[in-house]
Amino acid sequence: MDEIVLLALGLTLFAGLATGIGSALAFFTSRTNTKFLAWSLGFSAGVMIYVSMVEIFVKAKGTLVEEHGESAGYWWTVIGFFSGMVIIALIDRFIPSVGNPHNVKTVEEFHTEPTHDEYARLKKMGIFTAIAIAIHNFPEGIATFASTIQDPNLGIAIAVAVAIHNIPEGIAVAVPLYFATGDRKKAFKWSFLSGLSEPIGALFAWLILMPYLTDTMFGMIFAGVAGIMVFISLDELLPAAQKYDQTHLAIYGVVSGMFVMALSLLLLM
């Protein structure tokens with residue numbers, strides 16, 4: 001197997017299994033550090049916005065312009081970018097709010113003793129969230145794989161950005177399932193399995209899509225990924241960060257995320 005393919009598959013596995021980190025963190029704390037949560041959500045948004053607009057969008061435009069000319073290439077880039085936003089918006093629109101992985105919750109929200117009906121609701125919430133994350137992660141796996149094949153440095157940046165935003169999603173799966181069942185292993189298993197759809201998406205890209213991944217398709221995938229990441233940052237991560245933040249920590253997190261991603265991209269050059 002080609003080394004670049006192994007790297008691409010490894011990066012998607014790393015990004016997907018970050019949901020397991022989130023579930024592990026949830027089990028070892030009885031109280032959410034809301035200041036750290038606000039900063040980390042802002043940090044994730046900063047990473048995503050920077051890498052999307054400075055690297056991925058530019059990469060997509062360069063590829064599509066080279067293939068189709070200045071005007072047509074730019075048009076295709078813009079179409080791909082906003083198509084990514086529309087796709088993720090539709091996914092969020094049709095996932096019930098009880099299971100939407102972008103609705104961040106704190107540990108405290110589950111600490112009151114549930115009633116009999118609430119046990120069933122919490123279990124449903126956890127399972128719905130796991131399924132929702134799997135749906136979100138599958139195309140992310142394709143995008144991370146395709147990006148790494150085209151440009152390993154960009155693939156690493158995307159994998160890091162995806163991994164960071166997968167951590168709170170792991171919490172969103174594990175916490176309600178744990179409070180519903182009292183079983184840490186079962187809660188961790190669902191969180192772990194939801195993250196596996198990321199490398200499954202990469203395997204799908206490698207085994208099924210690889211022969212059809214032309215430069216135009218790469219460009220459109222890049223543009224779409226940029227749109228998806230910007231939408232998630234603006235629609236979910238930043239509002240969630242501000243919900244738990246009474247100061248400027250969320251914005252400090254955004255700036256820190258942008259700086260770290262800029263520095264890492266410079267070091268990877």
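Partly exposed, as used here for residues such as Lys59, means a relative accessible area between the buried limit of under 20% and the exposed limit of over 50%. The model shown in these views is predicted.

**View A. A salt bridge joins Asp151 and Lys59.** The whole structure holds 1 salt bridge. In the pair formed by Asp151 and Lys59, the closest N and O atoms are 3.4 Å apart. Asp151 sits in the loop between α5 (116–150) and α6 (152–181), and Lys59 in helix α3 (residues 34–68), so the bridge ties together parts 92 residues apart in sequence. Lys59 has 26% relative accessibility and therefore counts as partly exposed.

**View B. Helices α1 and α8 pack against each other.** Helix α1 covers residues 3–16 and helix α8 residues 197–209. Their axes are 7 Å apart and meet at an angle of about 155°. The two helices are therefore roughly antiparallel. From α1, the contact takes in Val5, Leu9, Thr12, Leu13, Ala15 and Gly16. From α8 come Glu198, Pro199, Ala202, Leu203 and Trp206. By type, the contact residues are 8 nonpolar, 2 polar and 1 charged.

View C. An unreviewed UniProt entry gives the feature "binding site" at Asn137, Glu140, Asn166, Glu169 and Glu198. Asn137 belongs to helix α5. Asn137 is buried, at 0% relative accessibility. Beyond its sequence neighbours up to four places away, Asn137 touches residues including Asn166, Glu169 and Glu198. Glu198 belongs to helix α8. Glu198 is also buried, with a relative accessible area of 0%. Among the residues touching Glu198 are Thr12, Ala15, Gly16, Asn137, Glu140 and Asn166.

**View D. Phe231 is buried in its setting.** Phe231 lies in helix α9 (residues 215–243). Its relative accessible area is 19%. Phe231 and Val86 are 145 residues apart in sequence, and their C-alpha atoms are 8.9 Å apart in space. Leaving aside neighbours within four places in sequence, Phe231 contacts Met85, Ile88, Ala89, Asp92 and Glu236.

View E. The unreviewed UniProt entry lists residues 72–91 and 154–180 among its "transmembrane region" annotations.

Technical notes:
Residues numbered from 1 in each chain as written. Predicted model: local features only at pLDDT ≥ 70, side-chain atom pairs only at ≥ 80, totals over all residues. Heavy atoms only, no water. UniProt positions renumbered as here; feature names shortened; annotations may be inferred. Salt bridge = Lys/Arg side-chain N within 4 Å of Asp/Glu carboxyl O. Helix = DSSP H or I, 4+ residues; strand = E, 2+ residues; numbered from the N terminus. Buried < 20%, exposed > 50% of the residue type's maximum accessible area, 1.4 Å probe, protein only. Axes fitted to C-alpha atoms, helices over the stretch in contact; angles between N-to-C directions. Parallel < 35°, antiparallel > 145°, perpendicular 65-115°, else oblique. Contact = heavy atoms within 4.5 Å. Nonpolar A, V, L, I, M, F, W, Y, C, P; charged D, E, K, R; others polar.
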